[in-house]
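Subject: Structure handover

Hi,

My notes on what was found in it follow below.

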Amino acid sequence: MSQEGTFSLELERVQDFEFKASFDWTHLPPLTLDEPEPLGKRKGPNAARLLGAAVGNCLSASLLFCLQKARLEVKGLKTLVTGFLGRNEQGRWRVVRLDVKIILDMPKEELPRISRCLEIFEDYCVVTASVRKGIEVNVLVLDPEGNALLRQGVSQ
């Protein structure tokens, strides 16, 4: 499988379940992530909330991009994401559903021209399409000397 692009980020534990995420876009400040109580202190979003934000942002950006390419005026766009957690067969918590509501503020006379964008925008959302299909995840756990403690599906 060829890779058209890559990105990277680093997570470093601050304390308890609080982590600092630093991105390969070095101009961005680090992002604090944390778990809700009783594990963490909610000093930042947790992974499930970041997943919801990623899906909502990607869908919003894809729709906006299409509308702008069609030279349609967008006065405002607001996206609401509701995530649902449930337990799988083994009793482990999983994100089982994400409901995304996009509220589009456009001049009424422009609305008849948005049908093509509504047909195709989801297909251009990298994150949503990946989540819907499933993503290969390779895991490598190392000790401080670089010795492998766990290698799961690592293709490198």
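Buried means under 20% relative accessible area, exposed over 50%, and partly exposed in between (1.4 Å probe, protein chains only). By that rule arginine 97, at 43% relative accessibility, counts as partly exposed.

Two notes on the source. This is a predicted model, where local features need pLDDT of at least 70, side-chain atom pairs count only at pLDDT 80 or more, and totals for chains, interfaces and linings use all residues. Residues are numbered from 1 along each chain as its sequence is written, and side-chain values use heavy atoms, with hydrogens and water left out.

Salt bridges

The structure holds seven salt bridges. The term takes a side-chain nitrogen of Lys or Arg within 4 Å of a carboxyl oxygen of Asp or Glu. Three of them follow.

- Arginine 97 pairs with aspartate 99 at 2.9 Å, N to O. Aspartate 99 is partly exposed, at 32% relative accessibility.
- Glutamate 110 pairs with arginine 113, again at 2.9 Å, N to O. Glutamate 110 counts as buried because its relative accessibility is 13%. Arginine 113 is partly exposed, at 48%.
- Lysine 41 meets aspartate 16 at 2.9 Å, N to O. This pair links distant parts of the chain, 25 residues apart: lysine 41 sits in the loop between β3 and α1, aspartate 16 in the loop between β1 and β2. Aspartate 16 is partly exposed, at 38%.

Helix packing

How do α1 and α3 pack? Helix α1 (residues 47–69) and helix α3 (residues 126–133) pack at about 125°, with axes 7 Å apart. Axes are lines fitted to C-alpha atoms, over the stretch in contact for helices, and angles run from 0 to 180 degrees between N-to-C directions. The two helices are therefore oblique to each other. Cut-offs: under 35 degrees is roughly parallel, over 145 roughly antiparallel, 65 to 115 roughly perpendicular, the rest oblique. On the α1 side, the contact (heavy atoms within 4.5 Å) uses Leu51, Ala54, Val55, Cys58 and Leu59.

Nonpolar patch

Phe7, Leu9, Leu11, Phe19, Phe23, Trp25 and Leu28 form a nonpolar surface patch, with about 730 Å² of accessible area together. β1 (9–15) and β2 (18–23) each give two or more residues to the patch. Patch residues have over 30% relative accessible area and no salt bridge; nonpolar side chains (Val, Leu, Ile, Met, Phe, Trp, Tyr) are joined within 5 Å, like charges within 9 Å. Areas are Shrake-Rupley, 1.4 Å probe, and for residues only the protein chains shown count as cover. Leucine 28 lies in the loop between β2 and β3 (31–33).

Best wishes

How values were computed
Helix = DSSP H or I, 4+ residues; strand = E, 2+ residues; numbered from the N terminus.
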